[in-house]
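Please keep the sequence and the 3D view at hand while reading.

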Amino acid sequence: MTRESELALLKQRLQEIDDLRGAGSVLGWDQATYMPPGGAESRGRQLALLSRLAHERLTDPGIGRLLDSLEPWAEAQGTDSDAAALVRVTKRDYDRATRVPAAFIQRLSEHAAATYHVWERARPDNDFAAVRPLLETTVELSRELAGYHPPSAHPYDALIDLAEDGMTVAAVRALFTELRAGLVPLIEAIRARPEADDSCLNGKFPESVQQVFAEKVIRAFGYDYTRGRQDKTAHPFMTKLGRGDVRITTRYRDDCLSDGLFSTLHEAGHAMYEQGIDDALDGTPLFSGTTAGVHESQSRLWENLVGRSLPFWRHWYAPLKAAFPGVLDHVDVETFYRAINKVIPSLIRTEADEVTYNLHVMLRFDLELAMLEGTLAVADLPDAWRARVQSDLGVMPPDDRDGALQDVHWYGGIVGGAFQSYTLGNIMSAQFFAAARRDLADLDKQVGAGEFGPLRAWLTERIYRHGRKYTAPEIVQRATGEPLSIAPYLAYLNTKYGALYGL
Ligand code: ZN
């Protein structure tokens with residue numbers, strides 16, 4: 001067989017795996033939007049079957065043989081070639097998938113489903129004891145999962161590597177230590193200033209009007225509705241069902257403006273990344289965002305760097321006021337801008353402002369590592385959580401509902417490897433935006449005129465179109481000309497919040 005026909009055969013196999021996953025995404029999307037509760041059991045079975053079939057096809061030794069045979073030829077095409085990237089990334093996925101026994105995957109996914117089921121009731125009941133034995137097993141299984149991967153400096157590097165290729169516990173710890181040293185004095189300075197008034201965000205904001213307004217904004221961003229749609233859900237997410245079909249889900253509350261609007265901008269940021277990938281990569285493992293951190297950088301960039309900026313609202317505030325007649329009449333744009341950027345230490349990570357958000361991530365990262373390392377017993381987690389929230393944020397959770405039970409992480413999958421990407425995304429979002437501002441001299445003026453085409457084109461050229469062709473460090477280096485750095489992020493926070501709070 002010629003190399004070209006081997007490559008064609010590999011692509012055909014990969015396309016089928018991608019189609020199986022796409023079918024799973026369709027069922028998952030439906031499950032989270034329109035499925036009646038009665039469908040839960042059969043849907044769980046259907047999803048498990050599709051993911052097993054996809055896993056079996058990916059771990060087929062025939063794929064391994066094709067990859068071995070193609071590797072030298074693909075490398076000879078040049079490291080930057082699509083062929084070399086395809087073989088490199090598929091091999092990484094193949095090696096990862098084949099290292100873990102299918103029976104373990106089955107055990108882990110059954111345990112995750114059972115834990116999620118118990119957590120769903122335990123949170124409203126404030127019943128940590130109900131999930132404790134399950135979480136103990138989750139910690140065991142997470143250690144076991146890490147153990148299937150090659151040994152590295154820290155036993156849990158493997159779990160981080162699954163979300164962020166090449167990232168390690170040591171690298172994340174170093175970044176977080178540096179970031180914390182910059183954040184803590186900023187938070188203290190803000191707390192010494194009068195609290196911002198955000199009462200204008202609570203009022204009568206009919207859901208349907210919010211949805212129309214948010215849709216107008218994300219259409220202007222460039223989210224393509226001929227290749228996407230928006231539906232309602234309990235916990236907003238973005239999902240790609242296949243080429244030309246990248247959907248977002250949102251939720252709106254009639255009595256609150258910011259929740260629905262900013263989560264829509266956030267999910268649209270994820271979706272535009274997926275919509276911007278080069279169609280030539282379709283059907284291969286390259287046809288998706290490169291890592292969880294880079295993905296999050298794109299959602300945070302549109303949500304925060306653009307959507308919570310003053311230039312953005314100089315353009316959009318008049319249309320917003322017009323959409324809700326009478327509600328914001330006596331609120332000027334500066335007051336509104338201060339309200340949507342209010343910094344206040346809080347209990348729930350997903351509701352935290354830009355400045356305190358990262359402390360929530362660091363707390364989760366440290367606590368989960370302590371559980372994995374065995375220095376923190378699961379039984380002691382709620383107390384450890386309370387102590388940490390109090391020392392870091394100066395607030396005290398009244399119960400575990402707003403503490404160790406607050407979100408589905410840890411109760412629907414493994415412990416370890418997810419949280420770092422939220423903060424890495426924040427750091428990268430500012431680094432990318434600073435580089436875009438350097439390249440597009442009029443960026444602020446464009447945003448202030450409601451003109452997002454140049455920014456989107458910049459992101460498409462530097463980030464979106466490559467999909468998984470490059471790793472996160474490579475994307476950062478290529479897009480900004482520098483390695484990952486927290487300096488642009490701290491500069492962004494200090495400038496923005498310094499002006500907002502008169503520091
Ligand atoms: Zn996100």
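Are His-270 and Glu-296 buried or exposed? His-270 is buried, and Glu-296 is buried as well. The model is a predicted one.

## Zinc site

The zinc ion has three protein donors: NE2 of His-266, NE2 of His-270 and OE of Glu-296. These donors lie 2.1 to 2.3 Å from the ion. Along the chain their spacing reads H-x3-H-x25-E. His-270 sits in helix α10 (residues 258-275) and Glu-296 in helix α11 (residues 292-306), so the pair, 26 residues apart, links distant parts of the chain.

## Hairpin of β2 and β3

Strand β2 (residues 238-242) runs antiparallel to strand β3 (residues 245-250), and four bridges join the two. Gly-242 stands opposite Asp-245 of β3. Two residues lie between the strands of this hairpin, and Gly-244 has a positive phi near 80 degrees.

## Nonpolar cores

The largest nonpolar core holds 126 residues. Those touching the most other members are Phe-221, Trp-302, Val-306, Trp-313, Phe-336, Trp-410 and Ile-463. Helix α14 (residues 357-373) supplies the largest share, eleven residues. The core lies between domain 1 (3-133) and domain 2 (196-352 + 416-501), because both give residues to it.

Leaving aside residues up to four places away in sequence, Ile-463 touches Tyr-273, Val-294, Gln-298, Phe-432, Trp-458, Ile-475 and Ala-479. Another core, of 25 residues, lies apart from the largest one. Its members include Ile-17, Ala-83, Leu-286 and Phe-287.

Note on methods
Residues are numbered from 1 along each chain as its sequence is written. This is a predicted model: local features need pLDDT of at least 70, side-chain atom pairs count only at pLDDT 80 or more; totals for chains, interfaces and linings use all residues. Side-chain values use heavy atoms; hydrogens and water are left out. Two strands pair if DSSP finds at least two bridges between them. Donors are N, O and S atoms within 2.8 Å of the metal (3.2 Å for Na, K and Ca); water is not among the atoms, so sites may look incomplete. Buried means under 20% relative accessible area, exposed over 50%, partly exposed in between (1.4 Å probe, protein chains only). A nonpolar core is a set of buried Ala, Val, Leu, Ile, Met, Phe, Trp, Tyr and Cys residues joined through side-chain atoms within 4.5 Å. Domain bounds come from an automatic or database domain assignment. Contact means heavy atoms within 4.5 Å.
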